[in-house]
Amino acid sequence: MKLFYHILVLFAGIIATGCGKSDSFSVSGTIEGAGSSIVELLYCNNGSYTRLSTHSENGNFTLTGSAPAPAVAFLSVSGGAPLVQLTVRDGADIHCKINPAKPFEVRMKGDKVNELYARFLNANAEVISSGNPVRINAAVKDFVERNRKSMAATVAVITQFRAADNEIAADSLLGIISADARPTSLLANYHDVLAGQLTTESRESVSSMTLIGRNDSVVRYTPYRHSATLIAFTGDDKISRDSILPKLRSLRNDYSDKRLAVLEVNTSPDSTTWKRVTEKDSATWSQVWKPGNVAAPPFRRLSIARIPFFIIVDSVGNQQHRGSSISVAERFVREKIVK
C-alpha cells in the first residue's frame, strides 16, 4: 500500500507539473556579450502587445509568459533591434543560443517549430544578411514548399519574406501552407499589412482621367491611346526624385508616347510646392497634380501603399505591375510590356 501511495503522489506531481506548464511558456538561453543587460520579448497576445523583460546574468536569461494561441515573438537586448524571432505558445519550453554578430546562426531547442525555423535561418544566413529581396524571397519560397505542414513555414513568410511590392506572391505562399499550420493568431496582424494591396478594388482597371498639368493646363489621360502607361506617384523628397527622374527620362527617350505613356502624379501638399520641386526637371513626360493627391477620387481606390509608387497598365487600363521600385518598374516595361 505504501508503494502504491508513493507512486500516486509521484504521478500527481507529474500531472501538477504538466498543468503548470500548460498555461505558460518559457524562453531561456544565452546571448553572447549581453552581460547583465535587459532582455526583452515582445509578442501579440489576444489582439494586444505583451512585453516581457528580465536582467541577464553573464548573458544568461529566462523569460516566462502566457500565450494561449501561437504568436510570433521578437527577442531583443536593451531596447535594440530584434535579434531573432521565435514562436511562443503555452506549454513551450524554448532554449536559445544567440550571437548578436551572427543573428541568423541562432540555435534553438525544445520546440519543433522553432527548431525547424532556426535551421532555415542557419541554412540561409548569408542570403538573409545580404538584404536582397529577390534572393530572400526565393529562399523563403523553397522552404515553404518543402514544409507546408509546419507553422515554421508560416513564420518564415511573416518574418522574412519581403512582401512590399510582392503582396500577391506573399498571399499565394501562405495559401499553400496547410490550414492548421497557419493559425489566425499568427496571421492577424500580417493580413492587415497585405489587405490594402490585395483588395479587388485596388487592382481594378485604371480609367480615363482629367488632371491638372504644368502651367495649370488640363491633361486628359486615356489608356487606350497607348500600348502601355507607367503611372509614377512621386513626392517632394529630393533624394527620392533624383533616383526616379533619370529612369523616367530614359523611358521617355526610348519609347514613343503611343507605345508608352509616362504619367507622373506628384503628391505634394499644394500646387506651389509641386511647381517648386518640379521646376528644374526638364520633363518630357506628363507631370500632373491633383488636389487631395492619392486620396483624390481618381486614385483613392488604387490603394497607393507608399510614396514613391509605380503602376503599369496596358491599353485597356488593366494593371500589370504595382510596386515602389522605379528600377523594377523600368525593367518590367522593357522586358514584358513594350519590347
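Guide: Rings of Phe, Tyr and Trp (its six-membered ring) pair if their centres lie within 6.5 Å; planes under 30 degrees apart count as stacked, over 60 as edge-to-face and the rest as tilted. The model is predicted, so local features need pLDDT of at least 70 and side-chain atom pairs count only at pLDDT 80 or more, while totals for chains, interfaces and linings use all residues. Residues are numbered from 1 along each chain as its sequence is written, and side-chain values use heavy atoms, with hydrogens and water left out.

Visitor: How many aromatic pairs does this rule give?

Guide: The count is 3 aromatic pairs. In one of them, Tyr117 and Phe120 have ring centres 6.2 Å apart and planes at 35°, so the pair is tilted. Both residues lie in helix α2 (residues 112–123), 3 residues apart, about one turn of the helix; helices (H or I, at least four residues) and strands (E, at least two) are DSSP runs, numbered from the N terminus.

Visitor: Are Tyr117 and Phe120 buried or exposed?

Guide: Buried means under 20% relative accessible area, exposed over 50%, partly exposed in between (1.4 Å probe, protein chains only). Tyr117 is buried at 1% relative accessibility, and Phe120 is buried at 4%. Phe120 also pairs with Phe143: the ring centres are 4.7 Å apart and the planes stand at 35°, so this pair is tilted. Because Phe120 lies in helix α2 and Phe143 in helix α4 (residues 133–146), the pair ties together parts that are 23 residues apart in sequence. Tyr117, Phe120 and Phe143 form one aromatic cluster.

Visitor: How is the packing of two helices described?

Guide: Two packed helices are described by the angle between their axes and the distance between the axes. Axes are lines fitted to C-alpha atoms, for helices over the stretch in contact, and angles run from 0 to 180 degrees between N-to-C directions. Here the axes of helix α8 (residues 238–254) and helix α11 (residues 326–337) come within 10 Å and cross at roughly 15°. That makes α8 roughly parallel to α11; angles under 35 degrees count as roughly parallel, over 145 as roughly antiparallel, 65 to 115 as roughly perpendicular and the rest as oblique.

Visitor: Which strand holds Glu264, and what does its side chain meet?

Guide: Glu264 is found in strand β12 (residues 260–266) and is buried, with a relative accessible area of 2%. A polar contact is a pair of N or O atoms within 3.5 Å; within protein, one must be able to donate a hydrogen and the other to accept it, and residues adjacent in sequence count only if both atoms are side-chain atoms. The side chain of Glu264 makes such a contact with the side chain of Gln287 (2.9 Å).
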